Amino acid sequence: MSTYAIKEEPFTGLAETVSAVIRSRKTVFADELLPDPVAPEIIEEILTDAIWAPTHKLTQPWHFVVADSRELRADFGRFMLDYYQKKYTIDQFPPSRYEDTLSYPLNGGTIVFLMMRRSERADVLPEWEELAAVSCAAQNIWLSCTARGLGTYWDTASATIAFGERFITSDLEQCLGCFFIGYYEEARVQRNRKRKPLYTKLTWIK
Ligand SMILES: Cc1cc2nc3c(=O)[nH]c(=O)nc-3n(C[C@H](O)[C@H](O)[C@H](O)COP(=O)(O)O)c2cc1C
């Protein structure tokens with residue numbers, strides 16, 4: 001018998017299921033989401049999946065802000081409009097785009113801001129490890145949504161991050177953007193998703 005015998009799968013079919021979820025995960029933009037609300041219990045299940053991400057020294061450096069108030073969402077739209085008006089010339093950001101900008105955060109499912117809250121003992125780990133842990137949590141959110149038939153994407157636009165900065169509670173906290181989570185129609189979100197073949201990304205030294 002080979003010493004490298006593959007261990008029996010602990011859960012039959014699980015590897016195929018996990019691979020299918022990973023490989024079918026995709027970006028679904030806010031304006032592609034249906035207006036149907038996502039139940040708070042489902043959002044909590046998704047965020048519970050998020051917090052099972054790996055975390056060096058168990059610092060668990062994530063925090064989530066669910067922007068569930070209509071008023072806050074309207075405020076987000078007004079903030080973006082103001083932000084882009086200041087940042088761009090009228091030619092780059094013409095009045096024809098104002099209405100879409102204002103309504104962008106109003107319709108796109110549930111908005112979850114992703115924050116990195118570093119440990120009080122920030123010296124225990126380099127920042128990149130904390131960012132890596134929160135990124136693992138972000139991937140868990142995305143995969144959990146995919147498995148539940150929900151669309152989502154990670155919005156890290158500078159306006160989104162600037163808006164999310166209002167949720168910062170200490171010098172050790174940073175906004176890493178937000179997820180819009182909602183239902184969508186598969187047929188209307190056909191993507192030509194591509195990845196370079198594995199061999200272009202793999203060095204295998206034997
Ligand atoms: C850290 C990070 C930040 C991202 N920020 C944005 C963003 O601000 N706007 C956007 O359209 N997509 C954003 N994306 C999504 C990527 O554009 C998307 O993953 C990529 O186009 C591949 O498509 P897929 O997710 O369908 O595989 C982000 C992805 C990551 C990992």
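Predicted model: local features only at pLDDT ≥ 70, side-chain atom pairs only at ≥ 80, totals over all residues.
## Around the ligand

The residues around the ligand include a run in the chain, Tyr153, Trp154, Asp155, Thr156 and Ala157. Lys26, Thr27, Arg191 and Arg193 also belong to this shell. By class, the shell holds four charged residues, three nonpolar and two polar.

## The sheet

Which order do the strands take in the sheet? The order is E1-E2-E4-E3, in an open sheet of four strands with antiparallel pairing. Strand E1 (62–67) and strand E3 (151–155) stand at the edges and have a single partner strand each, so one side of each is left without a neighbour in the sheet. On average, neighbouring strands are turned by 25° against each other, direction ignored.

## Helices H1 and H5

Two packed helices are described by the angle between their axes and the distance between the axes. For helix H1 (residues 14–24) and helix H5 (residues 127–147), the axes come within 9 Å and cross at roughly 105°. Angles of 65 to 115 degrees count as roughly perpendicular, and H1 and H5 are therefore roughly perpendicular to each other.

Which residues make the contact? H1 contributes Val21, Ile22 and Ser24, while H5 contributes Leu143, Thr146 and Ala147. Sorted by class, the contact of H1 with H5 has four nonpolar residues, two polar and no charged ones.

## Helices H3 and H4

Now for another pair of helices. Helix H3 (residues 70–87) packs with helix H4 (residues 98–107) at an angle of about 145°, and their axes are 7 Å apart. The crossing in which H3 passes H4 is right-handed.

On the H3 side, the contact is made by Arg73, Ala74, Phe76, Gly77, Arg78, Met80, Leu81 and Tyr84. On the H4 side, Tyr98, Thr101, Leu102, Ser103, Tyr104, Pro105 and Leu106 take part. By class, the contact of H3 with H4 has 10 nonpolar, three polar and two charged residues.

Technical notes. Residues numbered from 1 in each chain as written. Near = placed C-beta within 6 Å. Nonpolar A, V, L, I, M, F, W, Y, C, P; charged D, E, K, R; others polar. Axes fitted to C-alpha atoms, helices over the stretch in contact; angles between N-to-C directions. Helix = DSSP H or I, 4+ residues; strand = E, 2+ residues; numbered from the N terminus. Parallel < 35°, antiparallel > 145°, perpendicular 65-115°, else oblique. Contact = placed C-beta atoms within 7 Å. Pairing = 2+ DSSP bridges. Left-handed = near helix turned anticlockwise from the far one by under 90°.
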